[in-house]
Amino acid sequence: MSANILVLHGPNLNMLGTREPDVYGHETLDDVNASIQVKAGELGVAVECRQSNSEGDLVTWIQQARGQADAIIINAGAYTHTSVAIADALRAAELPVYEVHLSNIYQRESFRHHSYISSLAVAVICGLGPDGYLSALAAAAKKFG
Ligand code: DQA
């Protein structure tokens, strides 16, 4: 049976393509998700991509992933830097977590340098733009290959 990987996009990532393109690039979220699905096909894994601007939605989806998904790839957007609730949910899910950021958060404002997720993640990929999701997916899939 192929692995099930959940990809979660947090707040404002629905605005990709028009949101600060100098920082986040010109691809829309649909473009990014399409590339993820192509890569998933190549790797032979099943991927579900979801986006929400709501912290509660993200917490609920992470809770539901426990026992259902095999790994979580998450770009929690600004909640990365603020949300103990998302970090607690990820810890409780007991799944491998891959943290992705499009931009290199360490080259940006100091409030972006701290992530509540990094300490529980298998890996953190930032600064590669949308390719970061594909790298995370390849790494996650390798565990089930
Ligand atoms: C981001 C970086 C965050 O600091 C920011 O709040 C985002 C996007 C990124 O992908 O680079 O919304 O997670």
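Helices (H or I, at least four residues) and strands (E, at least two) are DSSP runs, numbered from the N terminus. With that in hand, hello everyone, and let's look at this chain together. It is a predicted model, so local features need pLDDT of at least 70 and side-chain atom pairs count only at pLDDT 80 or more, while totals for chains, interfaces and linings use all residues. Residues are numbered from 1 along each chain as its sequence is written, and side-chain values use heavy atoms, with hydrogens and water left out.

Let's begin with the overall picture. The chain has five helices and five strands, and from the N terminus they run β-α-α-β-α-β-α-β-β-α. The radius of gyration, taken over C-alpha atoms, is 14 Å.

As a reminder, strands of a sheet pair through backbone hydrogen bonds, either parallel or antiparallel. Here we count two strands as paired if DSSP finds at least two bridges between them. In what order do the five strands stand in the open sheet? The order is 2-1-3-4-5, with parallel pairing. Strand 2 and strand 5 (123-126) are at the edges with a single partner strand each, so one side of each has no neighbour in the sheet. On average, neighbouring strands are turned by 20° against each other, direction ignored.

Strand 1 and strand 2 are joined in the parallel sense by six bridges; Asn 4, for instance, has Ala 46 in strand 2 as its bridge partner. Helix 3 packs on the sheet and touches strand 1, strand 2 and strand 3 (71-75), where contact means heavy atoms within 4.5 Å. The direction of helix 3 makes about 170° with that of strand 1; axes are lines fitted to C-alpha atoms, for helices over the stretch in contact, and angles run from 0 to 180 degrees between N-to-C directions.

Next, the largest pocket. On a 1 Å grid over the protein atoms alone, a pocket is an open set of points with protein on both sides within 12 Å along at least five of seven lines, while a cavity is a set where a 1.4 Å probe fits but cannot get out; lining residues have an atom within 4 Å of a point. The volume of the largest pocket is about 190 Å³, counted as the space filled by probe spheres set on the points, with grid points joined across faces, edges and corners. Which strand gives the most to the lining of this pocket? That is strand 2, with four residues. Among the lining residues are Asn 4, Ala 46 and Trp 61.

Finally, the largest cavity holds about 130 Å³ of space. Of its 13 lining residues, the closest to the centre are Tyr 24, Asn 75, Gly 77, His 101 and Arg 108.

Notes. Rg over C-alpha atoms; globule rule 2.2 N^0.38 Å.
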